[in-house]
Amino acid sequence: MKNFPIDMVIQEVSKKIAVIYKEKIKFKSFNFEDLYEIQLNFGQINFCKWISESLFVICFKNNKENKLYLIDILNLKIEDILLFPNIIPKDMVSINEKYFLIFELRKQDAQRGYYLYDLSQKEILNIVDNIENSEFLYYGNKELIFREEKKSIIYKLGRDFDLRFEKQINLDVLCIIKGLVISKLNCYTDQSFNVGYSLLSDYYNIHHINNPKFHEITSIRFIEEINILLITGVSFGEIKSICINISNNSWKEFEYIEGQFVPYFLEGEKVLGIYSSITKYPTLEWKNYYVSGNKISVRANSNLKIKKKKFKMNGIDIYYSDINEGYGDNKIFFYVHGGPHNNFQQSHSKLIMRLSELGYRVICIDYPGSTGYGDKYRGLNRFDWGGIDLQALIELRKAVVNKLTEVVIYGSSYGGYLSLLAAAKYPNLFNKVIAAASFNNIEHFYFESNPQVKRFLEYELGEKLKDKHFLYDRSPYNYLNSLIKTDLLLIHGEEDEICNVSQSQNLFKKVQENLGNINLLVKNNLKHEEFSEDYWAEDIIEFISVEESSHRDK
C-alpha cells in the first residue's frame, strides 16, 4: 500500500477520504484509487468540513484575508468566496435549504461575537454580540449551543435569526458531534480528567470512560457507519487515543511502540491514521491492529530508545524525554521546543535522527509552560518568560550532567530564546549554543511584531512589557560579556513573519564587533514554519562537529 504524506488534517464522509495539504487538496476514494488533484495555493487551513456526500468546504487564511472554497468532488467544481480578515470559522450549516457559515469575530476589548454568513446572498447576520466567556459548540435543529465554564447554554434560533434562551446543561462539554455529547469528567489534582459520552437527547445519562486520563483533547471523530467514536488527546505529554463502540458501550485504548499514531477510520482488522516518528515524516497509513483485552495494538518500527522522565523542582514535577541514555552520555544535546505552549512529541526530526547516528544523548525538556500536562502547568511561565522555565532547564542540566562532558543546547523560536538566555546567564554550563528563528530582545521583538504577535505577547507578559528591569533581565541581547565566551550559531529564515530576522542580525553584529565566536546563517525564502528544522539540520551537525574555539574562557 502506498503511503501518502499528510500535512494538516483529514476529513472523511462515507467511504471518501480527503487528504489536505498546505498547498493542495487531493481527493481519493477509500480504496486509494481514482486520484484527483486540485491546486489551492493560498495559505493556512483554518476550517474544513463535509456538508454533503459530495460537497466539501475549506477555508484558507493568509495575513490579509480569508477565502472559503466550496468544492463539488463529483463534478470537480470550485467556488471561492472572499471573506473578512480576523474571523474564525466555526461551522457550516444548512438552514431552510440555504448554507450559512457560523463564524466568530474577536474584538480588541476581548469581547467576541458570533455571526451567520449567508453564502447565497453574501450577507452577514448577527447571532450574538459582545460576549466574553462563551464559545460556540454546536448547531442542530435550529438550536445553538455555547460552552461556558463547566456548563453549556442552549439557545433556539428564531425566524429572524434572533436567539432565545432554551436551557442550561450543567456539564463540562468538550464537543457535540452527530448528536453525541462528549464531556470532561473527574478532574484530578494533576489537572488530568476522564471523558464520557451521552446522547444530546439524554445528556445526563453519561457513559464513563475510566482510562486513559487526558490533559488535553486534540481530536474527536465519529464514524457513523459503524457507530465508532475515536478520541485522541495528550496525557502527560504523550499522544493517547481511545476507540468507543457506541452500540454496546465498550471501549479500547490504542497502544503503539515508538512514534505516534492518530487513528481516523477503522475497517475490518485495519486502522487508517497518521503515523509519525522521529525517523519518519507524518504519513497516512493503513496498519493492521491487534486486540488484547482493552488494548488495540498498532505496531511501529523505530530503533530509538526514548524514555519519559520527570524530576521535582520546588514541589513541581518537571517532565522531559531522554533519548539514547547510556550510550551517548559523553555527548549531550539539549533540545528545547518552541511555543512556549507546545511540547516535545515523537514526530519527525531529521536533527534528532542525525544526532543519534553520531552518538549523542538527546534531552528534550517540557519546561513549565508546555502543553500536554494540564492548564496549571501550561500557565506556570505566564508573566515569567525566562524565569521558571529557565530555572527548570538549568536544574535539569545540572542533574543530568554531573561530569565533564560536551553539552550543546539548541532551540527554535521560543526554544532558541531560552537557549540563548541559558548561555547568557550560565555561560559555563554549555559548550555550544544554537538558536534558530528566535528572538533575543523582548522589547524590540514586541515593537517590531505584527498585530497578532503583539496581542499574544500582551496576553503572555501583560504589564511586564512596561517593566524596564524585567525586559533587560530577560533579554539575552544584554549579556554581551557572557555571549562572547560562548560558541554561537544563529539561524534564521529571511522571510520569518513571527520573529523578524533582524533579531538574529542585530545580535550577530553586536557579538561579532566584540570579537565573540558567532556564526549567522540566513535561509532565503524561509518563513516561520513547521518542519523548517529540516532546512538547517545539517548546518547544526556541521557546527557541533567543529573543534571548540581556542579562545574559550572556562
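Does Lys240 count as buried, partly exposed or exposed, and at what relative accessibility? In this predicted model, Lys240 counts as partly exposed, at 25% relative accessibility. Its label follows because partly exposed residues fall between the 20% cut-off for buried and the 50% cut-off for exposed.

Lys240 takes part in a salt bridge. Its side chain meets that of Glu253, with an N to O distance of 4.0 Å. Lys240 lies in strand E24, residues 238-245. Glu253 lies in strand E25, residues 250-256. The pair therefore ties together parts that are 13 residues apart in sequence. Glu253 is buried, with a relative accessible area of 8%.

A search of the whole structure finds 26 salt bridges. Among them is the pair formed by Lys312 and Asp317. Their closest N and O atoms are 3.2 Å apart. Lys312 counts as exposed, at 58% relative accessibility.

Another salt bridge brings together the side chains of Arg474 and Asp473. Here the N to O distance is 3.1 Å. Arg474 counts as buried, at 14% relative accessibility. Asp473 is partly exposed, with a relative accessible area of 22%.

Technical notes: Residues numbered from 1 in each chain as written. Predicted model: local features only at pLDDT ≥ 70, side-chain atom pairs only at ≥ 80, totals over all residues. Heavy atoms only, no water. Helix = DSSP H or I, 4+ residues; strand = E, 2+ residues; numbered from the N terminus. Buried < 20%, exposed > 50% of the residue type's maximum accessible area, 1.4 Å probe, protein only.
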